[in-house]
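Visitor: I am new to this structure and should like to understand the terms used to describe it. Would you kindly show it to me?

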Amino acid sequence: MSNVELSLDPVLDIALLMLSAALGVAMLRVARGPTDADRALAADVGFAVLIAAVAILAVRLDEPTLYSLVMVATLAGFLTTVALARLVERRSP
C-alpha cells in the first residue's frame, strides 16, 4: 500500500459553505420576523451557527487558541438565550 495521506480540508470547506448558507437563512428570519420570538430564536440559531463555523475553522487552521473562543462564546450564547427568553416571555400577552 502506498503512503497516502487523506485530507479533511475539502470536507471542512464544504461544511463552512453550508454553515454560511444557514447563517444567511437565519439572518433573513431575523429581518422578516414576524414576531419577536421568531427574531430571538433566529438570532440564537445564527449565533450557534457562527460558533460552529469558528470551531470548524479552528480545526481547518489547526489553531488551538480558537477553541477557547468557542467555549467563551458558547457560554455567552447560553446566557443571551436565557435573557432573550425572559424578555419575550414578559412581552407576550
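Visitor: In which helix does Ala73 lie?

Guide: Ala73 lies in helix H3, where helices are DSSP runs of H or I with at least four residues, numbered from the N terminus. This is a predicted model, in which local features need pLDDT of at least 70, side-chain atom pairs count only at pLDDT 80 or more, and totals for chains, interfaces and linings use all residues. Residues are numbered from 1 along each chain as its sequence is written, and side-chain values use heavy atoms, with hydrogens and water left out.

Visitor: Why is Ala73 called buried?

Guide: Buried means under 20% relative accessible area, exposed over 50%, and partly exposed in between, with a 1.4 Å probe and protein chains only. Ala73 has a relative accessible area of 17%, and is therefore buried.

Visitor: Which residues is Ala73 in contact with, leaving aside its neighbours within four places in sequence?

Guide: With those neighbours left aside, Ala73 is in contact with Phe47 and Ile51; contact means heavy atoms within 4.5 Å. Both Phe47 and Ile51 are among the residues of H2 that meet H3.

Visitor: What makes H2 roughly antiparallel to H3?

Guide: The two helices pack at an angle of about 175 degrees, with their axes 10 Å apart. Axes are lines fitted to C-alpha atoms, for helices over the stretch in contact, and angles run from 0 to 180 degrees between N-to-C directions. Angles under 35 degrees count as roughly parallel, over 145 as roughly antiparallel, 65 to 115 as roughly perpendicular and the rest as oblique. H2 is therefore roughly antiparallel to H3. The residues of this contact divide into 16 nonpolar, 3 polar and 3 charged; Ala, Val, Leu, Ile, Met, Phe, Trp, Tyr, Cys and Pro count as nonpolar, Asp, Glu, Lys and Arg as charged, and the others, Gly among them, as polar.

Visitor: How do you know that H1 and H2 are roughly antiparallel?

Guide: The axes of H1 and H2 come within 8 Å and cross at roughly 165 degrees. H1 and H2 are therefore roughly antiparallel to each other. By class, their contact has 20 nonpolar, 1 polar and 7 charged residues.

Visitor: What covers the buried residues of H2?

Guide: The cover includes helix H1 (9-32) and helix H3 (65-91). Among the buried residues of H2 are Ala40, Gly46 and Ile51.

Visitor: What span should helix H2 have?

Guide: At 1.5 Å a residue, the 26 residues of H2 (residues 36-61) should span 38 Å, the expected span being 1.5 Å times one less than the number of residues. The end C-alpha atoms of H2 are 37 Å apart, which agrees.
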